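Please consult the sequence and the structure while reading the points below.

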Amino acid sequence: MELADVGLSYPGRPPLRALEGVSISMQQGQFVSLIGPSGCGKSTLLRIVAGILDPTSGSVLVEGDSPITAQRAHRFGFVFQDPVLLPWRTVQENVELLTELVGLPANERRSRAKELLELVGLRGCEDFRPDQLSGGMRQRVSIARALALEPAILLMDEPFSALDEFQRELLNSELLRIWVERHCSVLFVTHHIEEAVFLSDTVMVMSPAPGRIIERVEVNLPRPRTDALRVSPEFLQLRRYLREVLIH
Amino acid sequence: MKSSFTDTPSAADERAVEALVGDSPRGERRSDLRTRAAKRASSWLIPLVVVVAILALWQLLVVWLGLKPYFIPSPLKIASTFKDNFRSIADNSVPTIAQAATGFAIGNGLAVLMSIWFVHVSAARRALYPLAIILQSIPLVALAPIAIVTLGSGFTTKVVMTAIISFFPTLVNMMRGLAAVDPNMLQLFRSVNASRWKVLAKLRWPTSLPYLFAGLRITASASMVGAIIVEWISSDTGLGYMIINSTYQFDTPLLWASIVASSVLVLVAFGLVVLVERLLVPWSRTAEVSP
């Protein structure tokens with residue numbers, strides 16, 4: 001995935017510049033985080049990558065295609081800050097939503113959803129309704145749903161920010177396990193420094209609006225990453241460094 | 001509670017899931033089942049006791065003060081009048097129910113169709129929604145004479161009136177409900193090129209059901225009240241006619257009996273809507289505020 005000099009400004013006098021000269025290149029299978037203060041345009045950038053918004057300058061290529069083409073080819077999986085599940089559907093039916101909309105046969109849908117629920121650790125919860133689940137469990141369902149069309153890239157917009165610290169750490173590890181098993185790339189928006197370091201190959205630090213990439217930090221910590229890593233000196237040093245970059 | 005020594009594989013699996021996931025969706029349910037049942041019983045019991053107490057006080061006051069039945073009849077007098085005139089009350093309920101039900105069905109049906117049209121065709125909404133608001137702003141008692149002059153004083157006029165009453169609350173609620181979809185959810189539908197029809201059938205329509213039933217609750221009672229009011233203005237049958245007629249004839253016990261019948265019918269209509277909602281929209285019950 002290649003973003004070259006992407007900018008977005010809303011017309012007005014003076015024009016409201018949301019993003020400026022953002023260039024990101026991401027290899028297949030990479031885990032990249034976007035971190036920055038709120039309002040810096042992280043989510044906007046994610047929407048541009050997904051083809052929901054058009055940039056006013058620069059170009060975006062996803063595996064050589066435009067974002068719209070990539071979206072049409074179901075190359076993206078979306079996970080939002082809220083799980084946004086349909087309350088009248090069971091967990092299983094929620095995971096089947098997208099496969100149903102693209103017209104996959106029922107038995108194929110069912111077996112895929114079962115497999116994905118197993119993957120996200122929700123075996124036995126197929127027939128629950130969303131309001132019977134905890135916040136962490138609901139976010140697991142939404143991850144399973146995002147994977148249902150076997151996307152090459154997961155676009156995640158602060159998916160764990162509504163969870164408590166314990167759930168967040170648990171889901172961080174779970175996400176890494178899922179990412180390894182599914183061989184997908186992840187573009188992960190967050191404002192949580194520790195989470196970004198723990199998960200990513202590369203952390204992109206954005207400036208306050210108009211959003212620019214001000215620092216690109218490679219996280220060369222060994223994988224698979226376990227909770228013990230969170231207190232290792234290398235981890236803490238990276239964390240401190242990112243904190244300084246973000247504050248200045 | 002099951003002993004941990006007799007673990008079946010499935011129970012062990014379940015606990016593995018719980019341990020993995022952090023908390024169990026089943027655990028909290030059983031523990032407060034009893035207190036919930038007690039709460040439900042008391043939520044019925046307390047209003048019932050209050051109503052019985054008021055009726056008893058009313059009865060005692062009427063007897064002690066020696067009030068005449070044509071002035072204020074006692075509850076027991078009303079009950080006996082109700083029993084003696086049951087045939088006539090039942091006969092007069094039929095046209096009222098028929099008008100209210102037909103108007104309710106037509107008004108709500110049109111409101112649902114029109115809201116779907118408005119949500120999808122913004123030109124239609126801009127052109128017609130203000131008109132609907134104007135129609136709503138005309139008081140029913142002012143509209144009724146116009147309807148009688150143009151349409152006569154038959155069944156049609158009364159149905160048109162109750163349909164108009166039923167139309168607006170449901171239209172407003174449905175417009176909100178159909179638009180109340182989460183933008184991210186809509187984005188998911190768009191990401192797989194879902195047609196407008198699929199968005200309507202699988203997202204907008206189910207999202208709007210709690211709003212629809214909010215409208216139906218209002219219009220279920222409003223259409224009954226509307227039918228009765230229209231009968232006041234022009235009719236020779238129906239509960240509205242009975243109310244007016246017994247007033248003119250100073251038959252106050254019968255007046256009260258017909259009022260009781262009307263309010264029972266309104267309650268039944270409301271209860272039916274709530275019952276259907278519980279069956280069709282079980283997911284909205286959790287959002288309901290307990291009394």
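With which residue does Glu100(A) form a salt bridge, and how far apart are the closest N and O atoms? Glu100(A) pairs with Arg89(A), and the closest N and O atoms are 2.9 Å apart. A salt bridge here is a side-chain nitrogen of Lys or Arg within 4 Å of a carboxyl oxygen of Asp or Glu.

This is a predicted model, in which local features need pLDDT of at least 70 and side-chain atom pairs count only at pLDDT 80 or more, whereas totals for chains, interfaces and linings use all residues. Residues are numbered from 1 along each chain as its sequence is written, chains are lettered from A and ligands numbered from 1 in the order in which they are written, and side-chain values use heavy atoms, with hydrogens and water left out.

- Helices (H or I, at least four residues) and strands (E, at least two) are DSSP runs, numbered from the N terminus.
- Glu100(A) counts as buried at 16% relative accessibility, and Arg89(A) is buried with a relative accessible area of 9%. Buried means under 20% relative accessible area, exposed over 50%, and partly exposed in between (1.4 Å probe, protein chains only).
- The side chain of Glu100(A) also meets that of Lys202(B) in a salt bridge, at 2.5 Å from N to O.

**Interface of chain A and chain B**

- In chain A, 31 residues are in contact with 27 residues of chain B; contact means heavy atoms within 4.5 Å.
- The two chains bury about 2,700 Å² between them, with 64% of it on carbon and sulfur atoms. Buried area is the accessible area (1.4 Å probe) that two parts lose on being put together, summed over both.
- Within chain A, the residues that lose the most area to chain B are Phe80(A), Trp88(A) and Leu101(A), together 24% of what that side buries.
- The rule finds one salt bridge across this interface.
- It also finds three residue pairs in polar contact there, both residues being at pLDDT 80 or more. A polar contact is a pair of N or O atoms within 3.5 Å; within protein, one must be able to donate a hydrogen and the other to accept it, and residues adjacent in sequence count only if both atoms are side-chain atoms.
- On the side of chain A that touches chain B, the elements giving two or more residues are helix H2 (67-72), helix H4 (97-101), helix H6 (135-147) and helix H7 (165-182).
- H4(A) supplies the largest share of that side, four residues.
- The residues of that side divide into 18 nonpolar, six polar and seven charged. Ala, Val, Leu, Ile, Met, Phe, Trp, Tyr, Cys and Pro count as nonpolar, Asp, Glu, Lys and Arg as charged, and the others, Gly among them, as polar.

**Ile52(A)**

- Ile52(A) is placed in the loop between helix H1 (42-49) and strand E4 (57-61) of chain A, and is partly exposed, with a relative accessible area of 29%.
- Not counting residues up to four places away in sequence, Ile52(A) touches Arg47(A), Gln71(A), Phe78(A) and Gln187(B).
- The C-alpha atoms of Ile52(A) and Gln71(A) are separated by 9.1 Å, the two residues being 19 residues apart along the chain.

**Other salt bridges**

- Over all chains, the structure holds 23 salt bridges.
- Lys42(A) and Glu158(A) meet through their side chains at 4.0 Å, N to O. Lys42(A) lies in helix H1 and Glu158(A) in the loop between strand E6 (153-157) and H7 of chain A, so the pair ties together parts that are 116 residues apart in sequence.
- Lys42(A) is buried at a relative accessible area of 4%, and Glu158(A) counts as buried at 12% relative accessibility.
- Glu181(A) and Arg177(A) form a salt bridge at 3.3 Å, N to O; being four residues apart in helix H7 of chain A, they are separated by about one helical turn.

**Ser223(B)**

- Ser223(B) is placed in helix H10 (residues 196-233) of chain B and is buried, with a relative accessible area of 2%.
- Its side chain reaches the backbone oxygen of Ala220(B) at 3.1 Å.
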